[in-house]
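Me: I've got a model open and I'd like to learn how to read it feature by feature. Could you walk me through it?

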Amino acid sequence: MEKPVNKKAVGAISALAVLIIIAVAVFLGISANSGLNMKNYIKSDVTFSGYEGYGTISEYDCVDIFSLVYDLENSSEEREKFAAEYAQVLKEGSGEGYIADYIDVSFDKCEYLKNGDTVTATIKVNYNYINDMGFAKKLRGEESYTLSYTVSGLESADVFDPFELVSEVIYDRQYGSSYVCLDSSYEKTVGDYSASSSGEEYYANLVITDKEGNTAAEIYYYTDMSSFETDGTVKVSVSCKETQYADDYGFIITPVEKEIKPTVLSFLTKSTVTEADYDSLKALADEYTERYDGTEYVKAYFAYNGEDGYKVNSLIFVYTRDEYYEDERVYTAVCFDDVKVNEADGSIPDINKLHLYTGYYSYPYAAQLIEAMNEDFSSLAVLNY
């Protein structure tokens with residue numbers, strides 16, 4: 001005799017099986033539709049850009065944004081086709097291209113990197129916004145991730161120091177102007193490029209050329225006097241960034257600014273010319289008068305006329321000479337106008353670059369020469385050397 005079937009038990013078992021099947025189906029459906037984990041799109045290794053000591057890492061170098069969007073969208077079986085579509089999305093600035101706006105990446109340092117440095121990245125993800133963007137799949141994961149990377153692969157760059165050829169910084173107190181003097185003889189070759197100064201000493205710049213003589217960089221100098229009153233220095237900067245020429249030419253310009261103590265100039269206001277300066281000036285005056293016959297030195301004067309206007313001062317060297325067309329002696333003066341001195345030691349800078357002015361010539365009598373000088377200057381003093 002067969003044992004009667006418990007229909008209630010069978011019904012319960014059947015109902016439980018259905019529930020299990022439904023639960024498994026729901027679970028599998030959820031898993032299939034929302035199984036992306038953010039950690040799978042964070043790179044364990046990154047590529048650093050730039051040169052040794054000047055390396056950089058970009059904000060999203062450590063997150064594979066393209067693969068993340070591709071896997072979330074899953075709208076194309078051909079990855080290359082999707083790549084083109086994604087590039088167009090980024091170009092148009094719409095839709096899924098903005099997913100990066102909801103992934104915040106920050107580094108403890110991201111520039112001026114050198115090989116061996118450790119860079120720590122913190123990645124925070126706004127899952128709510130990303131999952132509301134209409135992707136086919138959902139993104140899951142931790143609120144934030146922290147990873148460290150060791151800097152490597154940076155090549156060494158050629159380096160030019162733009163301050164190697166700075167010979168002096170001049171500050172002219174009377175005019176409130178400052179300028180950089182460069183060594184006109186400076187030449188230096190680093191790698192495939194050569195550096196030299198171009199132009200006059202007071203208006204020069206640094207020029208870097210390649211082996212064929214083509215200009216790769218032309219760098220200018222600027223002065224900032226804002227710190228002079230507090231620490232006596234001038235801030236000198238150049239017209240480029242350190243890495244401006246790195247990508248195209250492979251060299252670095254550094255440093256790009258420097259504090260330099262200037263030579264301070266002011267007008268010579270008294271007849272306190274050093275014997276060395278007197279000798280140098282007289283030698284220049286002698287060179288000028290050598291063109292005349294029978295030249296003889298008489299004496300020198302310091303003429304002063306106040307610190308405003310034309311001809312503030314003048315150092316005047318007086319000679320007698322033979323007149324070309326008349327059988328007589330005349331007086332000639334060689335004049336150095338608006339002479340500046342170094343406040344630190346009272347010396348006259350750049351003797352050999354002073355401009356020669358030649359006035360007060362062809363006077364038959366010394367008294368006429370003195371009278372002419374007195375008309376232009378408020379005071380005259382003899383230089384006793």
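This is a predicted model: local features need pLDDT of at least 70, side-chain atom pairs count only at pLDDT 80 or more; totals for chains, interfaces and linings use all residues.

Me: Which residues have the most contacts inside the largest nonpolar core?

Reply: A nonpolar core is a set of buried Ala, Val, Leu, Ile, Met, Phe, Trp, Tyr and Cys residues joined through side-chain atoms within 4.5 Å; buried means under 20% relative accessible area, exposed over 50%, partly exposed in between (1.4 Å probe, protein chains only). Here the largest core has 31 residues, and those with the most contacts inside it are Met-38, Phe-48, Cys-62, Ile-103, Ile-123 and Leu-139. At least two residues each come from helix H2 (65–73), strands E2 (103–107), E3 (118–125) and E5 (144–150), and helix H4 (127–131). Helices (H or I, at least four residues) and strands (E, at least two) are DSSP runs, numbered from the N terminus. Another core, of 26 residues, lies apart from it and includes Leu-165 and Val-190.

Me: Why is one side of E2 and of E5 left without a neighbour in the sheet?

Reply: Strands of a sheet pair through backbone hydrogen bonds, either parallel or antiparallel. Two strands count as paired if DSSP finds at least two bridges between them. This open sheet of 3 strands runs E2-E3-E5, with antiparallel pairing. E2 and E5 are at the edges with a single partner strand each, so one side of each has no neighbour in the sheet. E3 and E5 pair over 7 bridges, and Thr-122 sits opposite Thr-146 in E5.

Me: What is the strand order in the open sheet of 4 strands?

Reply: That one goes E9-E10-E11-E12, again with antiparallel pairing. Its edge strands are E9 (187–190) and E12 (215–219). E9 and E10 (residues 193–198) share 4 bridges, and Val-190 has Tyr-193 in E10 as its bridge partner.

Note on methods. Residues are numbered from 1 along each chain as its sequence is written. Side-chain values use heavy atoms; hydrogens and water are left out.
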